[in-house]
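Please open the structure in your viewer and keep the selection tool at hand.

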Amino acid sequence: MKMLELQNESHQQSIHLGLWDEPKTDGFLFSLIHSELSKMVINQANDLPKHLKDHGDHWVACAEFIIKSLDYLGAFGFSEWDGVIDAYNEDHPAWTSDYDEITSFVSEVHAAVSYSYLSKDDSIQFNLLACSILMAWCFAISQGVDIEQIIKEKLEYNISIISK
């Protein structure tokens with residue numbers, strides 16, 4: 001897993017899509033991030049091709065949560081992944097998840113994303129959002145899901161939309 005590479009790819013794609021052409025408030029950007037988490041619970045993904053739907057709408061929404069969060073971090077030049085991953089490893093040495101079902105996981109990540117948004121310190125904000133991404137990554141792994149593959153497929157799908 002190369003989080004900084006995924007972050008840069010996610011952000012460059014958003015720039016290419018024009019999502020950063022106009023200034024956005026943190027409130028707007030964090031609302032987008034929260035919306036992807038909510039889609040995990042209600043299994044709602046819009047008009048996806050079969051190869052993505054086969055992963056399950058909630059896992060595609062999880063991938064979108066990670067993509068949007070990485071885009072946000074990329075927009076502000078976050079590059080402290082090694083430190084965040086080291087800290088996360090101290091609490092989760094086997095990259096496991098404390099959750100066994102989606103609603104508990106989503107509630108906890110919503111809280112972490114909210115704390116990130118409310119933080120007035122950029123370093124804390126970015127680190128909390130990065131930890132939220134790792135929580136999602138580990139939850140997917142604990143459920144036997146190759147979230148990195150879904151992220152890559154979703155990024156490729158997003159590019160195919162641009163090409164049309």
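Begin by selecting alanine 111. This residue is partly exposed, because its relative accessible area of 28% falls between the 20% limit for buried and the 50% limit for exposed. Alanine 111 belongs to helix 6, which covers residues 102-118.

Next, colour the chain by pLDDT, since the model is a predicted one. The chain average is 84, and 88% of the residues score at least 70.

Now turn to the largest nonpolar core, which holds 47 residues. Select Met40, Ile66, Leu73, Trp81, Ile147 and Ile151, the members that touch the most others. Several helices give two or more residues to this core, among them helix 1 (3-16), helix 2 (26-42) and helix 8 (147-163).

Keep isoleucine 66 selected. Leaving aside residues up to four places away in sequence, isoleucine 66 touches Ile133, Ala136, Trp137, Ile147 and Ile151.

Finally, display helix 4 together with helix 7. How do these two helices run relative to each other, parallel or antiparallel? Their axes come within 10 Å and cross at roughly 155°; angles over 145 degrees count as roughly antiparallel, and helix 4 and helix 7 are therefore roughly antiparallel. The crossing is left-handed. Where they meet, select residues including Trp59, Phe65 and Leu73 in helix 4, and Phe126, Ile133 and Trp137 in helix 7.

Conventions: Residues are numbered from 1 along each chain as its sequence is written. This is a predicted model: local features need pLDDT of at least 70, side-chain atom pairs count only at pLDDT 80 or more; totals for chains, interfaces and linings use all residues. Side-chain values use heavy atoms; hydrogens and water are left out. Helices (H or I, at least four residues) and strands (E, at least two) are DSSP runs, numbered from the N terminus. Buried means under 20% relative accessible area, exposed over 50%, partly exposed in between (1.4 Å probe, protein chains only). pLDDT is the predictor's confidence in each residue, from 0 to 100. A nonpolar core is a set of buried Ala, Val, Leu, Ile, Met, Phe, Trp, Tyr and Cys residues joined through side-chain atoms within 4.5 Å. Contact means heavy atoms within 4.5 Å. Axes are lines fitted to C-alpha atoms, for helices over the stretch in contact, and angles run from 0 to 180 degrees between N-to-C directions. Angles under 35 degrees count as roughly parallel, over 145 as roughly antiparallel, 65 to 115 as roughly perpendicular and the rest as oblique. A crossing is left-handed if the near helix is turned anticlockwise from the far one by less than a right angle, and right-handed if clockwise.
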